[in-house]
Amino acid sequence: MRVVLLYLVLASFVLLSSIKDGSAGITSSFIRSEFPSTDIPLDHEVFAVPKGYNAPQQVHITQGDYDGKAVIVSWVTTDEPGPSKVQFGTSENKFQTSAEGTVSNYTFYKYKSGYVHHCLIEGLEYKTKYYYRIGSGDASREFWFETPPKVEPDVPYKFGIIGDLGQTFNSLSTLEHYLQSGAQTVLFVGDLSYADRYKYNDVGLRWDTWGRFAERSTAYQPWIWSVGNHEVDYMPYMGEVTPFKNFLNRYTTPYLASQSSSPLWYAIRRASAHIIVLSSYSPFVKYTPQYTWLKEELTRVDREKTPWLIVLMHVPLYNSNEAHYMEGESMRSVFESWFIHYEVDVIFAGHVHAYERSYRFSNTDYNITSGHRFPIADKSAPVYITVGDGGNQEGLASRFTDPQPEYSAFREASYGHSTLEIKNRTHAIYHWNRNDDGKKVPIDSFILYNQYWGSNRRRRKLKKNFLMTLVDEAVSM
Ligand SMILES: [Fe+2]
């Protein structure tokens, strides 16, 4: 009898343990830092200046309108302003069309920037490869990009997600792995160059090196920019007190197309996704421009056209790392209920130099008098993913809170990038790729079901429409 009781006690213990393990997330113990967290030396080939007098450098492109039929091409020349013209066309070496851009320069302390060119190319065809040429004479340079498919609900598209990149050998590893991923556009979650780790004239110089370093990707596909704390560049000790000065002079966003009043927060639609970009370091509480704009933009989201609703920001709203712990609480308290109401699919953030993915949880019941202290499982909530693991010189954030909170599904302190491969209106495949294992060994992956089209009612409607189409086709045959 005693033996039976003992078995029962042991069995219930094992059962309870397995239930706990089943609901809890995974804290990976994997830590590998192949390279030291120091920036690549200035004379390294990844920063090489292109040959020729006044050759364009630091070439980068981004989406130029709301729906993906325009591109903004940006680059820097150093000897003289030179032309701001982009010649482009659909076949190689034939540039039938051209567009005229603008040029400007600026100072940062005693650093004088090169001539920064921005040129908007409009009226492009969807799903088309364009070749483009910038610069003049022998020093002109040629690149290409592909426009996205028309905004439609079931078009597949593959996004990459990179954050906190910097310019170390780890950053290079991340970028090289990303280039193998086959993704078509980067959703960048802030902290580009980490140039603000330097002083005086070196700040501007390290913005330049980062531009040349990232060009291998940024010249060929759009990077959708959101800003982080390393873009603020508030340096009163050297008289530089205008926030985002380097970033705003060098990088542009199509903010006017989404009726935003600032390049730091805006939205685009690309293929089957509506992407909202927020600024963690701009005012966002009630009555501020960013708050008012987001409130309006969310009403413009049409899930019949763009089933996927993705939000980018720098500071994560859910973060169980000791680094930057609770920094996202203020924005969470302002926007979380909207993200749930509008059925946001996924929110990508950076800032914490590690990887973390949440289950669908919310904490909207909490307020300063209710006493409901803990996030609860909530099927209507977005998935929160932190990809601050690009590999910058500050190194990894390796101390996670213990125990792992229930909302945290997977977390690991190593370098990498993510991809989100949209298949149709209901499914997308998500991967997080640790640097050291390359693309073939995704460490964390799952199928992301669309929040809007995943509901039973809408699925039934979709099925009915599909059957009706089959009937129509059969009748017309
Ligand atoms: Fe950051």
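In the predicted model, local features require pLDDT of at least 70 and side-chain atom pairs count only at pLDDT 80 or more, whereas totals for chains, interfaces and linings use all residues. Residues are numbered from 1 along each chain as its sequence is written, and side-chain values use heavy atoms, with hydrogens and water left out.

The iron ion is coordinated at 2.1 to 2.2 Å by Asp 191 (OD), Asn 229 (OD1), His 314 (NE2) and His 351 (ND1); donors are N, O and S atoms within 2.8 Å of the metal (3.2 Å for Na, K and Ca), and sites may look incomplete because water is not among the atoms. Along the chain, these donors follow the spacing D-x37-N-x84-H-x36-H. Asp 191 is placed in the loop between strand S13 (185-188) and helix H3 (201-218), and His 351 in the loop between strand S18 (346-349) and strand S19 (355-358), so the pair ties together parts that are 160 residues apart in sequence. Helices (H or I, at least four residues) and strands (E, at least two) are DSSP runs, numbered from the N terminus. Asp 191 is buried, at 0% relative accessible area, and His 351 is likewise buried, at 3%; buried denotes under 20% relative accessible area, exposed over 50%, and partly exposed in between (1.4 Å probe, protein chains only).

Helix H5 (residues 289-300) comprises twelve residues and reaches 17 Å from its first C-alpha to its last, close to the 16 Å expected at 1.5 Å a residue, the expected span being 1.5 Å times one less than the number of residues. Its buried residues are Gln 290, Tyr 291, Trp 293, Leu 294, Glu 297 and Leu 298. Viewed down the axis of H5, the buried residues fall within an arc of 165°, so they line one face of the helix; the arc is that of the directions from the helix axis to the C-beta atoms. These residues pack against strands S15 (266-270), S16 (273-277) and S17 (308-312) and against helix H6 (329-341), with contact meaning heavy atoms within 4.5 Å.

Most residues other than glycine have a negative phi, and most peptide bonds are trans. Ala 271, although not a glycine, has a positive phi of about 60°; Ala 271 lies in the loop between S15 and S16 and is buried, at 0% relative accessibility. Glu 343 also has a positive phi, near 55°, and is located in the loop between H6 and S18. The peptide bond from Asp 402 to Pro 403 is cis, with omega near 5°.
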